[in-house]
Amino acid sequence: MKNNKVYIETYGCQMNLADTELVRGILINHGYELTEKTDDADVVLLNTCSIREKAEERIYGRLGNFKNIKNSNSNLVVGILGCMAERLRKDLMEEKKIVDLIVGPDEYRRLPELIDVAFNGGKGIGVQLSKTETYDDLIPYREDGLQAWISVMRGCDKFCTFCVVPFTRGRERSRSLKSIIKEIEQLSSRGFREVTLLGQNVNSYSDNENDFADLLAACAEVDPLVRVRFTTSHPQDLSEKLLQTISDHHNICNYIHLPVQSGSNRILKAMHRTYTIEHYLNLIEKARQIIPKVSFSTDIIAGFPTETYEDHLMTLDILRKIRYDGAYMFKYSPREGTKAYKMKDDVSEKIKVKRLQEIIDLQQQISFEKNQEQIGTNEIILIEGYSKKSNEYLAGRTDGNKVVIIPADNGIKTGNYVKVKINRATSGTLFGDFVDFYDVKSDFALIA
Ligand code: SAH
Ligand code: SF4
Ligand code: F3S
């Protein structure tokens, strides 16, 4: 087959990373080959993100680069996949003449056919959203490794007023428990040691027989050596059953990403987040009772329309109260088509920047203090490979999702579970010493 080399670049969230693997699987099945270099490529695909304006600007910038490549290779097919394909299909086709292919998240099965259209000089467009497409029967293409993303549901029905996801990804729908389990069995036999179950709102998972807690339990039971993580949980429907399931399984990580967005009830209401701060705090308390070692992370938006200085103080206050292990913090970015877009973006850029910086500084201080508290304790980490900085050190991750750096000796290998003692910490990283190899199969007990 000629014209068969595909290059893909991925932006945005983990669901996009997982979708890129799906797209690779589909294209390889149709005789395509992957390439790591744009120079070799016959088809260049950008799997795009629309979540904030900056994300889209970056991708427009990248399209500018491809324009140059296309000038010297007019046969090159340039395609936009993912969330921008849904949001900006008209703009992209009309204004950016270099785009030959626009395919949204629910039309990836048609990619080979649409690429052919583009090769024949047409425009390949597939931007229908589906109420049922889950790609349940397709196997994503994954390189060998330790960690895999698995999309267990698609879409979002929450319609937070600031967010484009319900428009770019369509309605919620879930894969079958059976096919997810089969996928984990295959990953386990290939030597994978960690899977992360993905959905914009995983707590809403339902395959009509099983809810998300059932799914998590079934995933954890596939192989005690395979850790199970999940993201993202919405505070409205994080059930007690789910907390209990996490607590009951040693290999479901004690880590919950639970975006709060704001500390002010008035702002939460304007965001249509459907919970109050009191409900949220109760949830955290309940989780800490049921899972004593649980870690939390969150997402925060600074400068949502009408946010006052008092609202901002409430957000800082909630960070102090909860003491998250980590946070993803953003300035509000108006997105066309969302409800909040109709509100006046009345917090000035200068104030947004200032508030965001205060939030970041406070969280960094808290992360630092929390990491200091871990000095002297033991942790079990899964070794992921050499540390970024040096081959004399290995990096692993705790159950609570923290990176630990240890000396590379004692015959420790990637994929080993080891018990380490923490001896030093910064706000982002823990450092430790090897204590012992950890036999997950014979010792399910948590260690202090
Ligand atoms: N489904 C997840 C989040 C998806 S988007 C959830 O409900 O938590 C990831 C994060 O991006 C959001 O939690 C929010 O904090 C941020 N975000 C989304 N839209 C945004 C916008 N318009 N401006 C700034 N931040 C935004
Ligand atoms: Fe966006 Fe809200 Fe859905 Fe998360 S829950 S994806 S923030 S609409
Ligand atoms: Fe971005 Fe779409 Fe994910 S907007 S964050 S790639 S769901």
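By class, the residues lining the largest cavity split into 7 nonpolar, 2 polar and 5 charged (Ala, Val, Leu, Ile, Met, Phe, Trp, Tyr, Cys and Pro count as nonpolar, Asp, Glu, Lys and Arg as charged, and the others, Gly among them, as polar). The model is a predicted one, in which local features need pLDDT of at least 70 and side-chain atom pairs count only at pLDDT 80 or more, while totals for chains, interfaces and linings use all residues. Residues are numbered from 1 along each chain as its sequence is written, chains are lettered from A and ligands numbered from 1 in the order in which they are written, and side-chain values use heavy atoms, with hydrogens and water left out.

The count comes to 1 cavity of 30 Å³ or more, a cavity being a set of points, on a 1 Å grid over the protein atoms alone, where a 1.4 Å probe fits but cannot get out; lining residues have an atom within 4 Å of a point. The largest cavity has a volume of about 130 Å³, taken as the space filled by probe spheres set on the points, with grid points joined across faces, edges and corners. Of its 14 lining residues, Ala18, Leu22, Pro140, Ser151 and Arg175 sit closest to the centre. Helix H1 (14-29) and strand S7 (147-151) are the elements giving two or more residues to this lining; helices (H or I, at least four residues) and strands (E, at least two) are DSSP runs, numbered from the N terminus. Since domain 1 (5-126) and domain 2 (142-253) both contribute lining residues, the cavity lies between them (domain bounds come from an automatic or database domain assignment).

Among the polar contacts (pairs of N or O atoms within 3.5 Å), a nitrogen atom of ligand 1 is 2.7 Å from a polar backbone atom of Gln200, and a nitrogen atom of the ligand is 3.0 Å from a polar backbone atom of Phe162. Gln261 brings a polar side-chain atom to 2.7 Å from an oxygen atom of ligand 1. On its own, ligand 1 has 530 Å² of accessible area, and the protein covers 90% of that (Shrake-Rupley method, 1.4 Å probe).

Ligand 2 has Cys156, Cys160 and Cys163 around it, along with residues including His234 and Arg273; its shell counts 7 nonpolar, 2 polar and 2 charged residues. Around ligand 3 are Cys13, Cys49 and Cys83, with Asn16 and Arg169 also among the neighbours. That shell draws at least three residues from each of domain 1 (5-126) and domain 2 (142-253). Gln200 turns up around ligand 2 and around ligand 3.

As for the backbone, most residues other than glycine have a negative phi, and most peptide bonds are trans. Thr231 and Thr232, however, are joined by a cis peptide bond with omega of about 5°, and Thr232 is placed in the loop between strand S11 (227-231) and helix H9 (240-248). Asn208 has a positive phi, near 80°, and belongs to the loop between strand S10 (194-198) and helix H8 (212-220).

Conventions
1 Å grid on protein atoms, 1.4 Å probe; cavity = no way out; pocket = protein on both sides within 12 Å on 5 of 7 lines; lining within 4 Å. Polar contact = N/O pair within 3.5 Å; in protein donor to acceptor, adjacent residues only side chain to side chain. Near = heavy atom within 4 Å.
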